[in-house]
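Q: Could we go through this model together? I will start with a helix and then turn to a sheet.
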Amino acid sequence: MRRTLSTDSIRSARRRFFEAGLPPRGLVSDTIAQSWNRCRALGLASDARLDAGPLEQAAVRALRERYEELCRLCRPEMEALYTDAQATGSVVMLTAPDGLILDAMGSADFLDKAARVSLRPGVTWSEDHTGTNAIGTALHDKRAVEVRGAEHYFGAHRVLSCSASPILDGRGRIVGLLDLSGEASVHHVHALGMVRFAVDQIERRLLERELAGREVIRLHADAALLGTHREGVLVFEDHHLVAANRYALDMLGVDWDEVGRCRYSSLFESAQPRGRGVQELRGPGGIAFQAQRDVIPARLPRTARRSAAPSTPTKRIAPLFDDAMRDALQRHARLLDADIPVLLQGETGSGKEVAARELHRRSRRADAPFVAINCAALPENLIESELFGYRPGAFTGARREGATGLLRDADGGVLFLDEIGDMPAALQTRLLRVLQEREITPLGGGRATPVDFAVIAASHRDVAADVESGRFRADLYYRIAQTTLCLPPLREQADLADRITQLWRALGGDDQNMPLAPQTLQHLATLSWPGNMRQLIGALRTLLALGTPGQTIAPEDLPANLQPARETGRAMPTRLADGDIPAMEQLQREAMRAALDACHGNVSAAARRLGISRSTLYRKLGADATRTSAGS
């Protein structure tokens, strides 16, 4: 854990280093001091005016196309961080291996502020261009780095607080980087842990591509952590190590340089595990690991680009639907089979894509492609080429071989148009024509290609109201909304505490012996969750990543934006002083009264919602609960 340094110590460090030319020993971390020295050696002046204009749009477009696979691989984690980034006034960014920012999403207000110091797509944030910063320093050190406020080399960047981690493939090569940045004055204390966890998920999926036809050994000192993001993974071919993850190399004390060179016998004293059960394995110096061996079959050849649903994190969460929603999904799957488009309406993070995938699974097209398109996330200048494809040379930066487009990729299966309410008006006309004529003409002209797919659309907006205001085409609306399924927000679910408990178990919290304290569960069940399921799952994954096996998750372990005081906009101390205990009890009583009000005085329902017993509720609220119960 990084030692927290005061603003005064960092200010003193800058005076010693930049004014007196002295080393800032003990005033900043070794990571920052070493980076400052590198920047000085490059001749960078900390007070210089930066000339970091972004690349031209055509060049940015060409780079995004070049790193299209990386962008798609990272999209689930970027969207998972997106809700938290908005809530904390931060932005999440993806960069190329050289530190050039490819994509950014999050708080619109902070995006504008960040752009004033060139923290925006099209700008390179490597150390030799932009001095000490989380992106450049993490790329140089090849590990997760946090740079706060005045720790940045250039004075203009002291308004930023940034956490970044490089994304490594199975051979230790940097393929990109994920960064979470916000204002230095409102630093998000869990940012680095969240970024690390997101990168872990990306790297797991990246490593999965190395497994086909090879032998895999998963290991950890604790057998309970096998199958989690903390396990070590080693990939062997003919007894040679050909790929690994960083956890495995750290456990064995091996550098990335050894990948591709060392043999199994140089890593372990024990023979290779046999069978599929968990077995003990002896590493260097006789260190004991719990290990599991898998032999992965070779993949079948792919018949089309993106012909299957995108891969998901290893720890997949099964959809959680109540009986009423399961019945509604079954009915709408039958409508989908009858070629009747379905519109899903629900707040951000309420599970629209999960519901869409469930409709696909229940439909007759379950074995055919499911192609999801986020109409709000695609850059407006690329959305047409992404959807309809293009011929070679159709525009500057186009691929030499052209592109088929996502609509053709969905041929025979299900096309999911997420956040269709945010689709630009010009594209609405072209999409309507495709849905009516069921054929696609790529950019640059050429022969139209027939397509056949079922359509599911989704939006957090009230699309019908947008039709009334003229923002959305009425003819397209009536084409995609022949039937509508509304998904309720998380806060309206009466069994929210039970839902949180199920999700915690599904994520592996119980497997790692990290139970949620009753007070923690009670508080989580009373939050409004504006990001709904996406925000809840992100919060639980953060707790899982930062928690310690064998220890209970207490309320103070919650991310800062979910702790009780953040609900009212006040800062929440990491630890409560003795004098603050009555305040916590008061917050608990207020949460209980709110639950009683929401359940119209039904004590049993309120207790279930809070995840506590009726007797606890009566004991905490005393006469208030008794009067409410009698009145009901």
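Q: At the start of H7, what does a side-chain oxygen of asparagine 133 reach?
A: At the start of H7, a side-chain oxygen of asparagine 133 comes to within 3.0 Å of the backbone nitrogen of isoleucine 135. Helices here are DSSP runs of H or I with at least four residues, and strands are runs of E with at least two, numbered from the N terminus.

Q: How far can the model be read?
A: This is a predicted model, in which local features need pLDDT of at least 70 and side-chain atom pairs count only at pLDDT 80 or more, while totals for chains, interfaces and linings use all residues. Residues are numbered from 1 along each chain as its sequence is written, and side-chain values use heavy atoms, leaving out hydrogens and water.

Q: Why is helix H7 largely enclosed?
A: Six of the eight residues of H7 (residues 134-141) are buried, so the rest of the structure largely encloses this helix. Buried means under 20% relative accessible area, with a 1.4 Å probe and protein chains only.

Q: Which ones are buried in H7?
A: They are Ala134, Ile135, Gly136, Thr137, Ala138 and Leu139.

Q: Now the open sheet: what is the strand order?
A: The five strands run E12-E13-E16-E11-E17, with parallel pairing; two strands pair if DSSP finds at least two bridges between them. Strand E12 (370-374) and strand E17 (483-486) are the edges, each pairing on one side only.

Q: How many bridges join E13 and E16?
A: Strand E13 (residues 414-418) pairs with strand E16 (residues 454-459) over four bridges, in the parallel sense. Phenylalanine 416 has isoleucine 456 in E16 as its bridge partner.

How values were computed:
Buried means under 20% relative accessible area, exposed over 50%, partly exposed in between (1.4 Å probe, protein chains only). A polar contact is a pair of N or O atoms within 3.5 Å; within protein, one must be able to donate a hydrogen and the other to accept it, and residues adjacent in sequence count only if both atoms are side-chain atoms.
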